[in-house]
Amino acid sequence: MNTENIIGRQEELATLGRLYNSDKSEFLAIYGRRRVGKSYLVDEAFRGEIAFSAVGIFSTSPEASRRKIQLRHFYNNLLEYGLNPAYKKPDDWMEAFSLLRNLLSRNNSRRIVIFLDELPWMAGPQSSELVEELGFFWNNWAVKQRNILLIVCGSATSWMLDNIIRDYGGLHSRLTEKMFLSPFTLGESREYYKRRGFLMSDYEIALCQMAIGGIPYYMDRMSPGRTLTQNINNFYFDNKSIDQEFTDVYAGLFQSATRYIDVVCALGRKFYGMTRNEILAATKISGGGTFTKIIDNLKECGIIRVYPRYGKGRKETVYQLCDYFTLFYLNFVKNSHSSRDWGSFQRSHEYESWSGRTFELLCSQHIRQIKKALMVKFADKEYCWSGTTPEGQGVQIDMIIPSPNERTDYICEMKFSESKYLISSSYEEDIFRKINAFRSSSRHKVSHSLLFVMITSLGLVESIHNRAVNIRLSLDDLFTL
């Protein structure tokens, strides 16, 4: 395996290495958001070691024509990898996989890597034929060879889930591994920008992450010869194809993308998320299996996250849009005035609101790094909480990390600022109100301790009002790998 050009992805590389060195045939399905780097990971990790590779071609042609196009490209790939040209072009997927088996039967390598990229496009809307023949190829031949590593990949998450990962036909229980590829973390993004010659501060890397997300394809649109302001303007406000990119994200991920877009647009208007009933009311989608599938698929590909919210004597399940590109596009680019730019946006009141809320989301997506900094090895699922003080004052807490093993509840507050954050006397009083309210709530066990954690971008200004803060974390802690 080749890893020198791959940034981060340590867990994924470990999985690929384990499958490659296995003593039996392995079948891996990789899925994830469009532009996240799935194809690059496989192509780079197995550079020079792939025995056969084919890529599905996006086509809007009628089914019969589209099928011929996919088969022709598949055949041309077979020829490139050494198939005898005496074999005629396949007329269907049964013949195509028979030719593939013929090609690979002549390969004496210790490990034979097969990579079928953009499989949903290769299969097309009427996908049963390819899926059935892929299942037969795997069950009847590949698994018996004991030296095959078959990797299938696709951005169309709903298709991958329905036809490969959750398939109950020929591929049922045949996958030996599935891999969801996430966007880069802050630490991985810093390494990426560093290798490309950027000299951005951690603060600006975090700001860039909050604007476009850790999506390698988007990050590659940034130039080390421009300021962050120029890069964001170029990516969003001066980009005539940005509307098409938004459409492509969802058309590339899901069939019937319109309903998915309806859901994310509704969530985009409510930063802290919505309950199931709230989404149904906003979108007018019926609350049956179709809606459940939409929510599950959005969650599976990392577009939304699900978290519990406690308060008012009950628990609610909340769905929150967490794709940074989608959030920024919906709120500040779609239907925006043509004169809008990043510089003017940063001077607006909405910037302060956006950066503060988005930093909270950034922290929630780096919960592993936060727990590491807190030295918490075992914790229950984090949640947000709202309630009242014993005097009846309403409060809300951004994030609580409960650790029953340590008999401690970590109360976390997040603040984003361009310099060290100053806790005022009024905010100190607010902190004490939150602590007292949660301490007296049913969510907190009287035998447990409380620790108040302040997570800021650049730390705290030393002040007499810091006495309520037990633990201080900053971007330094979020950037750890």
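## A strand pair to start from

In strand S9, Ile-400 is the bridge partner of Tyr-383. Strand S8 (residues 383–388) and strand S9 (residues 394–403) run antiparallel and are joined by five bridges. Strands pair here if DSSP finds at least two bridges between them. Strands (E, at least two residues) and helices (H or I, at least four) are DSSP runs, numbered from the N terminus.

This is a predicted model: local features need pLDDT of at least 70, side-chain atom pairs count only at pLDDT 80 or more, and totals for chains, interfaces and linings use all residues. Residues are numbered from 1 along each chain as its sequence is written, and side-chain values use heavy atoms, with hydrogens and water left out.

## The sheet

The sheet is open and has seven strands, in the order S7-S6-S8-S9-S10-S11-S12. Its pairing is mixed. Strand S7 (314–321) and strand S12 (471–473) stand at the edges. Each has a single partner strand, so one side of each lacks a neighbour in the sheet. On average, neighbouring strands of this sheet are turned by 35 degrees against each other, direction ignored.

S9 and S10 pair in the antiparallel sense over five bridges. Ser-403 has Thr-408 of S10 as its bridge partner. Four residues lie between the strands of this hairpin, and Arg-407 takes a positive phi near 50 degrees there. S10 and S11 pair in the parallel sense, over eight bridges. Met-414 stands opposite Ile-455 in S11. Seven of the eight residues of S10 are buried, so S10 is largely enclosed by the rest of the structure. Buried means under 20% relative accessible area, exposed over 50%, and partly exposed in between (1.4 Å probe, protein chains only).

## Helix H18

Helix H18 covers residues 349–364, which is 16 residues. At 1.5 Å a residue it should span 22 Å, and its end C-alpha atoms are 23 Å apart, which agrees. The expected span is 1.5 Å times one less than the number of residues. Among the buried residues of H18 are Tyr-351, Trp-354, Gly-356, Phe-359, Glu-360 and Cys-363.

Leu-362 also lies in H18. At 0% relative accessibility, Leu-362 counts as buried. Leaving aside neighbours within four places in sequence, Leu-362 is in contact with Leu-186, Ala-206, Gln-209, Met-210 and Tyr-324. Contact means heavy atoms within 4.5 Å. The C-alpha atoms of Leu-362 and Leu-478 are separated by 8.9 Å, although the two are 116 residues apart along the chain.

## Helix H9 and its two partners

The axes of H9 and H18 come within 10 Å and cross at roughly 90 degrees. Axes are lines fitted to C-alpha atoms, for helices over the stretch in contact, and angles run from 0 to 180 degrees between N-to-C directions. H9 and H18 are therefore roughly perpendicular to each other. On the H9 side, Tyr-203, Ala-206, Leu-207, Gln-209, Met-210 and Ala-211 take part. They meet Tyr-351, Trp-354, Ser-355, Thr-358, Phe-359 and Leu-362 in H18. By class, this contact has nine nonpolar, three polar and no charged residues. Ala, Val, Leu, Ile, Met, Phe, Trp, Tyr, Cys and Pro count as nonpolar, Asp, Glu, Lys and Arg as charged, and the others, Gly among them, as polar.

Helix H9 (residues 202–212) also packs with H11, at an angle of about 10 degrees and with axes 11 Å apart. H9 and H11 are therefore roughly parallel. Glu-204, Leu-207, Cys-208, Ala-211 and Ile-212 of H9 make the contact with Leu-228, Ile-232, Phe-235 and Tyr-236 of H11. By class, it has eight nonpolar, no polar and one charged residues.

## Asn-233

Asn-233 sits in helix H11 (residues 228–237). Its relative accessibility is 13%, so Asn-233 counts as buried. Not counting residues up to four places away in sequence, Asn-233 touches Asp-238, Asn-239, Asp-341 and Trp-342.

## Positive phi in loops

Most residues other than glycine have a negative phi. Lys-284 has a positive phi of about 65 degrees and is not a glycine. It is found in the loop between helix H14 (276–283) and helix H15 (289–300). Lys-284 is exposed, with a relative accessible area of 71%.

Met-375, also not a glycine, has a positive phi of about 60 degrees. This residue lies in the loop between H19 and S8. Met-375 is exposed, at 69% relative accessible area.

Note on methods: Angles under 35 degrees count as roughly parallel, over 145 as roughly antiparallel, 65 to 115 as roughly perpendicular and the rest as oblique.
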